Amino acid sequence: MKIGISCYPTVGGSGAVATELGKALAKRGHQVHFIVSDVPFRLGEFNQNIFIHEVDTVSYPVLRTPPYDFSLAAKMADVVQQFELDVLHAHYALPFAVCAFLAREMLRGQSNSPPVKIVTTLHGTDVTILAQDRSLKEVMRLGMEQSDAVTAVSKNLIAETRELFGTTREIDCVYNFVDPAQFHPEAGSSARSCLTSAGEKVLLHVSNFRPVKRINDVIQIFQRVHRQMPSRLWLVGEGPELANARKQVVDSGLEKSVHFLGRQDEVASLFAGADLLLLPSEKESFGLVALESMACGVPVIGSTAGGIPEVVVQGETGMLRPVGDVDGMAADAVHLLTDEALYRRVSLAARRLAAEEFNVERRVAEYEAIYQRLCRTPASV
Ligand code: GMT
């Protein structure tokens with residue numbers, strides 16, 4: 001099949017999932033066209049089935065901001081027509097689903113082939129944050145209604161979407177996935193030997209440092225653990241809460257034990273070098289980082305927000321507490337780090353669950369089945 005993918009290419013879980021999906025589809029012999037503002041950050045090595053189409057924007061003094069969404073829709077239409085795409089897959093409802101709809105409208109009546117099928121994947125904050133704004137909500141509703149299929153990355157996100165939009169439309173749950181050959185336990189991690197001394201435990205947090213990630217809680221949990229055992233905290237990523245986090249670390253006197261590692265493209269070895277992942281988020285539709293961490297055999301200490309309990313099995317592959325319970329999360333972390341047999345059991349179970357239940361092959365086949373189902377049915381327009 002010929003599949004177009006649009007996503008945020010430079011940061012965040014939705015871009016990572018879209019890129020890994022494109023790579024996996026290309027390996028399975030599909031022709032994949034990324035229609036994006038930039039080269040996706042996880043693209044990696046050359047694949048002859050992958051094509052990148054960068055969106056150019058127009059600037060003109062009358063325009064206060066370049067109309068990126070219109071340029072994207074035009075580029076989508078161009079690529080659909082030129083390469084005769086079967087499917088346009090929008091990762092994140094805004095703007096991608098709506099731009100895909102515009103592109104299909106622009107091509108209406110221009111060829112004898114059936115209109116391109118639109119698949120929209122809801123990733124989380126498109127529903128839980130952006131759609132809280134009434135005007136954006138209605139634009140997003142249009143994007144969903146005009147999609148031939150809508151998927152969401154967890155059952156919890158489907159429930160939230162149904163409740164917020166009052167819709168009963170079919171939404172397929174396709175969980176995020178991981179490649180266990182890429183994310184796996186690693187003996188003698190170089191990150192660990194550079195950044196820690198013998199006998200120290202490593203707690204890791206990876207995010208885009210948005211308020212929903214509760215970085216303040218991450219540091220508070222670490223502070224409590226640090227009081228009880230030699231340990232380090234690795235903070236990976238950047239975003240609006242970074243400055244506050246730096247201040248909190250200094251105010252807590254933890255500068256020597258907390259490492260701000262900034263944005264990293266190659267996160268697998270950082271996961272593999274850690275003992276625990278901290279994910280105390282306020283909202284989290286799935287928690288791709290939790291899955292990647294589990295695949296590396298690193299248990300998750302986190303909150304019960306959103307879809308996290310669908311990924312992290314309480315007491316088996318990690319430990320979860322209600323949002324904000326930093327004392328409980330710190331106690332769980334200490335418990336896991338001090339009971340060797342328990343840690344080994346949880347770490348093995350985490351690795352197994354990630355590699356089996358959330359294996360890239362299994363989940364990509366689900367997307368493939370959706371594309372095939374749509375392309376067999378008559379067009380919805
Ligand atoms: O976590 C973020 O803020 C980034 C966001 C994104 O859209 O890139 O991630 C969302 O999509 C990921 C991939 O499906 C999910 O694993 C994350 O849980 C989800 N983030 C939230 O719901 C906050």
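Contact here means heavy atoms within 4.5 Å. The structure is a predicted model, in which local features need pLDDT of at least 70, side-chain atom pairs count only at pLDDT 80 or more, and totals for chains, interfaces and linings use all residues. Residues are numbered from 1 along each chain as its sequence is written, and side-chain values use heavy atoms, with hydrogens and water left out.

By that contact rule, N47 touches A26 and K27, with residues up to four places away in sequence not counted. N47 sits in the loop between β2 (31-36) and β3 (50-54). Helices (H or I, at least four residues) and strands (E, at least two) are DSSP runs, numbered from the N terminus. A polar atom of the N47 side chain lies 2.7 Å from the backbone nitrogen of N49. Between N47 and H33, 14 residues apart along the chain, the C-alpha atoms are separated by 12 Å.

The protein is assigned two parts: domain 1 (2-177 + 360-374) and domain 2 (185-357). These bounds come from an automatic or database domain assignment. Taken over C-alpha atoms, the centres of domain 1 and domain 2 are 30 Å apart. In the interface, 21 residues of domain 1 contact 15 residues of domain 2. About 1400 Å² is buried between the two domains, and carbon and sulfur atoms give 53% of this area. Buried area is the accessible area (1.4 Å probe) that two parts lose on being put together, summed over both. R42, N156 and N176 supply 27% of the area that domain 1 buries against domain 2, more than any other three residues.

Nine residue pairs, both members at pLDDT 80 or more, are in polar contact between domain 1 and domain 2. A polar contact is a pair of N or O atoms within 3.5 Å; within protein, one must be able to donate a hydrogen and the other to accept it, and residues adjacent in sequence count only if both atoms are side-chain atoms. On the side of domain 1 that touches domain 2, α1 (13-27), α6 (155-165) and α15 (360-376) are the elements that give two or more residues. The residues of this side divide into nine nonpolar, eight polar and four charged. In this grouping, Ala, Val, Leu, Ile, Met, Phe, Trp, Tyr, Cys and Pro count as nonpolar, Asp, Glu, Lys and Arg as charged, and the others, Gly among them, as polar.

Three salt bridges are counted between domain 1 and domain 2. A salt bridge is a side-chain nitrogen of Lys or Arg within 4 Å of a carboxyl oxygen of Asp or Glu. The side chains of E292 and R42 form a salt bridge at 3.0 Å, N to O. By the salt-bridge rule, the count comes to 22. E138 and R141 also meet through their side chains, at 2.9 Å, N to O. These two residues are three apart in helix α5 (residues 134-145), a separation of about one helical turn.

Seven aromatic pairs are present. The ring centres of Y175 and F286 lie 6.0 Å apart with planes at 50°, so this pair is tilted. Rings of Phe, Tyr and Trp (its six-membered ring) pair if their centres lie within 6.5 Å; planes under 30 degrees apart count as stacked, over 60 as edge-to-face and the rest as tilted. Y175 and F286 are 111 residues apart and link distant parts of the chain.

Two backbone features remain. The peptide bond from L94 to P95 is cis, with omega near 0°, and P95 lies in helix α3 (residues 93-107). E84, a residue other than glycine, has a positive phi near 50°.
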